[in-house]
Every structure is written in structure tokens, then in C-alpha cells.
Amino acid sequence: MAAFASGVPYDVYYGWFGYLSQFYTAEMLVPLDPFLAADPDVNLDDFHEYALERIGGQAYGIAWFTNGKEYWYNADLIAEAGLKSPRELEAEGNWTWDAVLEMATKLTKTEGNRITRFGTQPYRFNRTGWFWIHLFAWGGAWWNEDFTAPTINTQQAAEAAQNALDMVIKHRVAYGLTLGKEPNVEPDFTQQTVAGLITGSYFTRTIKARIETQEEPFKVEHTLLPKGPAGRMAAQSIDAKWISASATEPDAGWEFYKFAIGEDAIPFIAQLGGSRYAANKSIPPFTQYEYEDPEVYAQTAAMSVAHRQMVRQSELDTQWAEGWIELEEGKTTIQELLEETQKVAEVHLEEGGCVC
């Protein structure tokens, strides 16, 4: 953004869904519609809806890298504890958030009041891009169906937030902003100070670099997200390259863009942990390692939806992040957090509209 403001040209930006609102409001992007209209080789109908970024009816992004989320875990620690694995519980239809809590309670280790191993690290609850997992599981959502209003201040959201907060504050089995510091151990799955976590397929890079290279590497497995009272759903977090408004070679940029979203790029993107969820409907899940289950990716893709955001998403992200810290610290209540977040979302949705 600083380079753009100072006149440094780019043809294509590396895009990440969390940056879209800032880049768009700074007028750094141009829509893809003119390129699509002139190029019969690319048709938006060939791509999953969750892999597209639209604003005001125009297309700005087609994902070259997509990822849902899965539950990854240390199979050795679970076996040593004599527990059924999440994969086994899933096969039985018993892989739920209650099961996560039960397992995490048995896997968490303490020395006095110090946590030396966290049973689980679902994600950072203070990030809107992760908290949707809990919202969906309890039947909540950030927005209503036609994206005309936020739906944050609801009973479903309150129950989801309470469950998340309890894992951190009440049960002390999950990493939280208040627990992830001294005197507690630093939560690190690769060092076995966390037994299980929710992350994406990009985590395969970490497994390869930091677990497989250990003298005695431990066994890693993964399965679907746990079910909540309302089931489960996956929101795809995407990276979609963007054509820059400062482009000096926009047509060349489009050719590079086409390669990045095409099948020929899959083997390269796979090295980055991508290609498990292809944006193009005709491309099946791509896996590289024996511990990866392509059926997990296929099932997650089938229950995936777009990661819905408003144009001024950064305002909501900041409000939720700061509010959740206060919640963990006991400076606010869940009801107060939801009410204030609802107000912030209403104002900025009206001012900026949605990414849709």
C-alpha cells in the first residue's frame, strides 16, 4: 500500500482475503471483468463460488490457493493416553465439540498451576476469520443470508462464544490470549506442547520442516472439523491474486493470473500446502503425504461456503479482536461484546457495503 501511494507500479498483487477490503478501498485494484470478457478460456461458472471475490457485482479475484480447515492431531499422544482418535470418533459419528473438550481435558498436562501441554488449540478466538468455525457449529453467522445486516448479537453466537471462552478460562485446556504466556508453556504443536489443533493444509509445510526432521518424529493425522449443536460448516479462506490499478503490463499480468488458477500450476502450489481444495470444480483434491486423507478434503469442500466479508472488514476485525481480549481478561461480558460488535458491523456495512 505504501508502494502504491508513492507511485511504484505493480502488475499483479499477491492477494489474501483478509487484505481485500484495504486494497479495494485504497483504489489499488481493477476488476477482472474486462479480461474475462476478452478471454474465452476462463469462465467463472467453472469455479466454486467460495473461490471468487466480487464487489458491487464485479469480479476482483479468482482463488489460486484455497483452504478449508481440518483438525490435525498428535496420534502418538492420543494412543499413549489410551483414547480413541478423532478419526475414529468421526467414523463413529461422535466427533463433536464435547468430544474435543473431553479429549483435551485428558491430554492437558499441568505442573502445579502451570500448563505444560495444552490439550487443544482450536484457533485464535479473537480473529473473525477463525471464529466462524464456532459460529457455524452453534448455528450462528456473521451476516444474514442476503448480506443486508449483521447477525452477531444472537443467542447462537452467545452460546458459541461461551463454549470457546470456557475452554480457555474455565477448563484451561485450550490456548488463549491469557494462557499463551508465562508461566504457561508456549503452545507449539511441533514441540508436543499442544496435542491437537485446527489449521489448514498449508500446515503440511510445517510438518515437513519441523516434525519430519526431528530425530524421533511423531505421527500426525487429521480429520474433519468437530460437530457442534447445529452441525458444522467450512468457510474457505482464499488467496486470489489481484490485477493492480498501477499495472504497466496488465495483459501480461492476466496471462500470469491464468496460469496461477489453472491445472498446470497445481504441482507448484501443492508444495506450498495448497491444491487440496482447487478453485476449479473439475480439479480433485491433490495430496502429497501419506498422513493426508483426500476424503477429508473432499468432504470439507462439499460443506464449504464463501468466507463472507464486508468492504470495511478491517473495522469489524479490529473491534472483535480487541473485544475478545477484554473478554478473556474479564473486562467485558459476552453480551457486551456481541452488542458492540453488532453496532460496529451495522455502521460499516451501511457505509461500505459487502464483498459480494
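The following questions and answers concern a predicted model of one protein chain.

User: What radius of gyration does the chain have, and how does that value stand against a compact globule?

Analyst: The chain comprises 14 helices and 12 strands, and its C-alpha atoms fill a box of roughly 65 × 45 × 40 Å along the principal axes. A compact globule with 356 residues would have a radius of gyration near 21 Å, so the value of the chain agrees with that expectation. The radius of gyration of the chain is 21 Å.

User: What percentage of the residues in the chain are buried?

Analyst: A residue counts as buried when its relative accessible area is under 20%. Of the 356 residues, the buried share is 54%.

User: Which residue stands opposite Arg54 in β3?

Analyst: Strand β2 (residues 52-55) and strand β3 run antiparallel and are joined by 4 bridges. The two strands form a hairpin with 2 residues between them, and Gly56 in the turn has a positive phi of about 60°. Strand β3 (residues 58-62) is mostly covered, with 4 of its 5 residues buried. The residue of β3 opposite Arg54 is Ala59.

User: Why do the buried residues of helix α10 lie on the same side, and what arc do they cover?

Analyst: The buried residues in α10 (residues 250-260) are Gly253, Trp254, Tyr257, Lys258 and Ala260. They lie on the same side of α10 because the arc that they cover around the axis is only 155°. In general, an α-helix has 3.6 residues a turn, so residues three or four places apart point the same way.

User: What is the bridge partner of Glu70 in β8?

Analyst: Strand β5 (residues 70-74) pairs with β8 in the antiparallel sense over 4 bridges. In β8, Gly196 and Ile198 point one way while Leu197 and Thr199 point the other way, and all are buried. The bridge partner of Glu70 is Thr199.

User: Is Glu27 buried or exposed?

Analyst: Glu27 lies in the loop between α2 (20-25) and α3, and has a positive phi of about 60° although it is not a glycine. The relative accessibility of Glu27 is 63%, and the cut-off for this class is over 50%. Glu27 therefore counts as exposed.

User: What relative accessible area does Ser275 have?

Analyst: Ser275 is found in the loop between α11 and α12 (294-302). Ser275 is not a glycine, yet has a positive phi of about 70°. Ser275 is buried, as a value under 20% requires. The relative accessible area of Ser275 is 4%.

Methods
Residues numbered from 1 in each chain as written. Predicted model: local features only at pLDDT ≥ 70, side-chain atom pairs only at ≥ 80, totals over all residues. Heavy atoms only, no water. Buried < 20%, exposed > 50% of the residue type's maximum accessible area, 1.4 Å probe, protein only. Pairing = 2+ DSSP bridges. Arc of directions from axis to C-beta. Rg over C-alpha atoms; globule rule 2.2 N^0.38 Å.
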